[in-house]
Amino acid sequence: METSFQINSNEPVNQQIYRILRKDIVECAIPPGNLLSEKEILTRFSVSRQPVREAFIKLAEAGLVQVLPQRGTFAMKISEQRVADARFIRQALECAIVRRAAEFVTDEQLLVLEHNLHRQELAAQNEQIREFLSLDDDFHQLLTQVARCPLAWETIESIKATMDRVRFLSLSQVSPPLSLIKQHYLIFNSLKAHDPNAAEAAIREHLQEMIYSITPIAEQNRDWFDHP
């Protein structure tokens with residue numbers, strides 16, 4: 001976890017703190033089950049308690065922290081059930097999104113998607129995991145724009161935090177980026193062919209990857225998962 005962070009004036013302070021702490025939790029720089037020291041965070045960001053507490057509330061809503069009275073705020077252990085629920089909701093949304101995208105996609109939008117895929121390949125080749133994850137998100141966000149429903153990405157963003165923790169762990173241990181890129185190309189080629197059925201099948205298979213990867217990830221990181 002970084003020791004300091006420069007707050008800028010272009011964005012609400014609580015949102016900046018939320019974004020950085022979310023990244024730390026997703027990437028397990030703050031391991032599941034660990035206490036988030038309010039004092040350390042106040043020092044790190046050089047802010048008052050109010051924006052930190054607002055960030056904690058937002059992290060709790062995302063299922064990333066648990067605030068325990070008189071004890072403190074802890075990074076939540078990863079819930080397999082919450083991951084499965086988020087994947088189910090995301091799959092329902094994205095299947096509908098790619099069907100519309102296959103109908104509406106333009107040649108210009110296909111070029112943007114293809115450029116994103118080339119950048120994914122470069123990030124994977126250079127083992128830039130964080131860059132790959134960011135480009136992966138950009139690819140899926142672009143699909144919502146092609147489908148003319150950008151609001152869908154806000155919904156996906158609000159539920160995928162727990163999925164992102166498993167994604168980060170799985171990239172180095174179970175699901176290498178190159179296999180995910182192949183799946184992205186299947187989605188892309190289906191859009192290029194304006195084939196909604198193929199596009200839906202491709203993205204359904206892609207999002208199923210989460211189900212295949214969570215069991216070995218949970219076995220390898222038992223202390224980080226909330227086992228029923």
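Modeller: Happy to! One term to start with: Ala, Val, Leu, Ile, Met, Phe, Trp, Tyr, Cys and Pro count as nonpolar, Asp, Glu, Lys and Arg as charged, and the others, Gly among them, as polar. Also, please keep in mind that this is a predicted model.

Colleague: Got it. By class, what does the lining of the second largest pocket have?

Modeller: Four nonpolar, five polar and four charged residues. That pocket holds about 160 Å³ of space. Of its 13 lining residues, Gln-66, Ala-75, Met-76, Lys-77 and Asp-226 are the closest to the centre. Strand E3 (72–75), strand E4 (78–79) and H8 each supply at least two residues of that lining.

Colleague: And what volume does the largest pocket have?

Modeller: About 680 Å³. It is lined by 21 residues, and Arg-19, Arg-22, Asp-137, Glu-157 and Asp-164 are the closest to its centre. By class, its lining has 13 charged residues, five nonpolar and three polar.

Colleague: Which helix gives the most to that lining?

Modeller: H1, with seven residues.

Colleague: Switching topic: how far apart are the end C-alpha atoms of helix H4?

Modeller: They are 35 Å apart, which agrees with the 36 Å that its 25 residues (80–104) should span at 1.5 Å a residue. Buried residues in H4 include Val-83, Ala-86, Arg-87, Arg-90 and Gln-91.

Colleague: Last one: is Asn-221 buried or exposed?

Modeller: Buried, because its relative accessible area is 14%, and buried means under 20%. Asn-221 sits in the loop between helix H10 (196–220) and strand E5 (225–226), and its side chain reaches the backbone oxygen of Ile-217 at 2.9 Å.

Definitions and conventions:
Residues numbered from 1 in each chain as written. Predicted model: local features only at pLDDT ≥ 70, side-chain atom pairs only at ≥ 80, totals over all residues. Heavy atoms only, no water. Helix = DSSP H or I, 4+ residues; strand = E, 2+ residues; numbered from the N terminus. Expected span 1.5 Å × (residues − 1). Buried < 20%, exposed > 50% of the residue type's maximum accessible area, 1.4 Å probe, protein only. Polar contact = N/O pair within 3.5 Å; in protein donor to acceptor, adjacent residues only side chain to side chain. 1 Å grid on protein atoms, 1.4 Å probe; cavity = no way out; pocket = protein on both sides within 12 Å on 5 of 7 lines; lining within 4 Å. Points joined across faces, edges and corners; volume = space filled by probe spheres on them.
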